[in-house]
Amino acid sequence: MNTPKAGPARVRLKLFDMDGGDCEIGEDAIDLDALTDRQLLWVDVEDNRGEDTAAIVERLVGRLRLDDGVDALQSLDGKPTLQNFEHW
């Protein structure tokens, strides 16, 4: 029996805006300094269990200024987790 080959990891970014205009954006459009308290940047990485996922996560952690977030994000292992970081 042939196991299908996993496709490439996929990144989806959506900017939710309470004042309207929700939209999908590209990685190059991430501007943390421009986000307001009425906006939410949603980042979804669809893991394919390949090496490209780790590279994507590392790139996004740097772009999102999450410093040491790589280990925490990779430790999720595809399991949903809800955490409250209050003002973070």
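# Note on a predicted single-chain model

1. Phe16 is partly exposed, at 31% relative accessibility. Here buried stands for under 20% relative accessible area, exposed for over 50%, and partly exposed for values in between, with a 1.4 Å probe and protein chains only. Phe16 belongs to strand E1. Together with Leu40 and Trp42, Phe16 makes a nonpolar surface patch of about 310 Å². A patch takes residues with over 30% relative accessible area and no salt bridge, joining like charges within 9 Å and nonpolar side chains (Val, Leu, Ile, Met, Phe, Trp, Tyr) within 5 Å.

2. Basis of the values. This is a predicted model, in which local features need pLDDT of at least 70 and side-chain atom pairs count only at pLDDT 80 or more, while totals for chains, interfaces and linings use all residues. Residues are numbered from 1 along each chain as its sequence is written, and side-chain values use heavy atoms, with hydrogens and water left out.

3. Confidence. The chain has a mean pLDDT of 79, and 73% of its residues reach 70 or more; pLDDT is the predictor's confidence in each residue, from 0 to 100. Among the elements, helix H2 has the lowest confidence, with a mean of 71, and strand E2 the highest, at 94.

4. Overall make-up. The chain has two helices and three strands, in the order β-β-β-α-α from the N terminus. These elements are DSSP runs numbered from the N terminus: helices (H or I) of at least four residues and strands (E) of at least two. The chain has 88 residues, of which 17% count as buried. Its accessible surface is about 7,300 Å², and carbon and sulfur atoms hold 50% of that; the areas come from the Shrake-Rupley method with a 1.4 Å probe, and for residues only the protein chains shown count as cover. Of the contacts with a separation of 6 or more, 51% are between residues 24 or more positions apart, a contact being heavy atoms within 4.5 Å.

5. The core. Seven residues form the largest nonpolar core: Ala9, Leu13, Ile30, Leu41, Ile56, Leu60 and Leu64. Such a core is a set of buried Ala, Val, Leu, Ile, Met, Phe, Trp, Tyr and Cys residues joined through side-chain atoms within 4.5 Å. Not counting residues up to four places away in sequence, Ile30 touches Leu13, Ile25, Leu41, Leu60, Arg63 and Leu64.

6. Leu15 is in strand E1 and is buried, at 16% relative accessible area. Its contacts beyond four places in sequence are Gly21, Asp22, Cys23, Ile25, Leu35, Gln39, Leu40 and Leu41. The C-alpha atoms of Leu15 and Leu40 are 5.8 Å apart, although 25 residues separate the two in sequence. Val57, in helix H1, is buried as well, with 12% relative accessibility. Between Val57 and Val11, 46 residues apart along the chain, the C-alpha distance is 9.4 Å.

7. Salt bridges. How many salt bridges are found in the whole structure? The search gives four, counting a side-chain nitrogen of Lys or Arg within 4 Å of a carboxyl oxygen of Asp or Glu. One of them joins Asp19 to Arg38, with the closest N and O atoms 2.8 Å apart. Asp19 is in the loop between strand E1 (10–17) and strand E2 (23–25) and Arg38 in the loop between E2 and strand E3 (39–46), so the pair ties together parts 19 residues apart in sequence. Asp19 is exposed, at 57%, whereas Arg38 is partly exposed, at 36%.

8. Two further bridges. Arg59 and Glu27 form a salt bridge with an N to O distance of 2.8 Å. This pair links distant parts of the chain, with Arg59 in helix H1 (residues 51–63) and Glu27 in the loop between E2 and E3, 32 residues apart. Arg59 is partly exposed, at 43% relative accessibility. Another salt bridge, 3.2 Å from N to O, joins Arg65 and Asp33. Here too distant parts are linked: Arg65 is in the loop between H1 and helix H2 (69–74), Asp33 in the loop between E2 and E3, and the two are 32 residues apart. Asp33 is exposed, at 63%.

9. Backbone and a glycine. Most residues other than glycine have a negative phi. Arg65 is not a glycine, yet has a positive phi of about 55°. Gly26 is in the loop between E2 and E3 and is partly exposed, at 33%.
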